[in-house]
Amino acid sequence: KTDSRNITIMFSPESGGAPASAIVDESGRFTLATGAQAGLLPGKYIVTLAASEVIDGKKRVVSPERYANARESDLRADVQPGSNSFRFDLKSEAAG
């Protein structure tokens with residue numbers, strides 16, 4: 001039985017600096033914040049994420065590891081002033 005599931009997403013500036021993060025809601029929406037500072041400055045970002053679930057009190061990551069590692073993630077976002085919308089197409093390795 002799955003107790004809960006969540007996705008954490010993080011935008012790290014390509015030029016360096018503090019990343020912004022959020023929890024993705026059930027509809028796929030999220031609002032990024034850096035600490036108590038809501039929002040995100042315009043610029044280019046490396047995007048990482050991790051989907052996890054808790055089953056019988058034990059948490060496990062269920063998304064491919066490469067998406068959680070800034071060096072391996074191929075997800076990018078070019079944030080513009082104002083409201084932004086991004087779609088990330090994720091692919092997992094076929095079980096073998």
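Predicted model: local features only at pLDDT ≥ 70, side-chain atom pairs only at ≥ 80, totals over all residues.
The largest pocket holds about 570 Å³ of space. Its lining comprises 22 residues, and those closest to the pocket centre are Gly28, Phe30, Asn84, Ser85 and Phe86. By class, 12 of the lining residues are nonpolar, 8 are polar and 2 are charged. Among the secondary-structure elements, strand 1 (residues 2-13) gives the most to this lining, with 3 residues.

The largest nonpolar core consists of 14 residues. Within this core, the residues with the most contacts are Ile9, Phe11, Leu32, Val47, Leu75 and Phe88. Two or more core residues come from each of strand 1, strand 2 (20-24), strand 5 (43-55) and strand 7 (76-79). In soluble globular proteins, nonpolar side chains tend to be buried together.

Phe11 was examined for contacts beyond four places in sequence. Its partners are Pro19, Ala20, Phe30, Leu32, Leu40, Tyr45, Ile46, Val47, Ala77, Val79, Phe86 and Phe88. Of these partners, Leu32, Val47 and Phe88 are also listed among the core residues with the most contacts, while Phe30 and Phe86 are among the residues closest to the centre of the largest pocket.

Thr48 is located in strand 5. The relative accessible area of Thr48 is 9%, which is under the 20% limit, and the residue is therefore classed as buried. With neighbours within four places in sequence left aside, Thr48 is in contact with Thr8, Ile9 and Met10, with Tyr67, Ala68, Asn69 and Ala70, and with Ser73. One of these partners, Ile9, is also listed among the core residues with the most contacts.

Technical notes: Residues numbered from 1 in each chain as written. Heavy atoms only, no water. 1 Å grid on protein atoms, 1.4 Å probe; cavity = no way out; pocket = protein on both sides within 12 Å on 5 of 7 lines; lining within 4 Å. Points joined across faces, edges and corners; volume = space filled by probe spheres on them. Helix = DSSP H or I, 4+ residues; strand = E, 2+ residues; numbered from the N terminus. Nonpolar A, V, L, I, M, F, W, Y, C, P; charged D, E, K, R; others polar. Core = buried A, V, L, I, M, F, W, Y, C linked by side-chain atoms within 4.5 Å. Buried < 20%, exposed > 50% of the residue type's maximum accessible area, 1.4 Å probe, protein only. Contact = heavy atoms within 4.5 Å.
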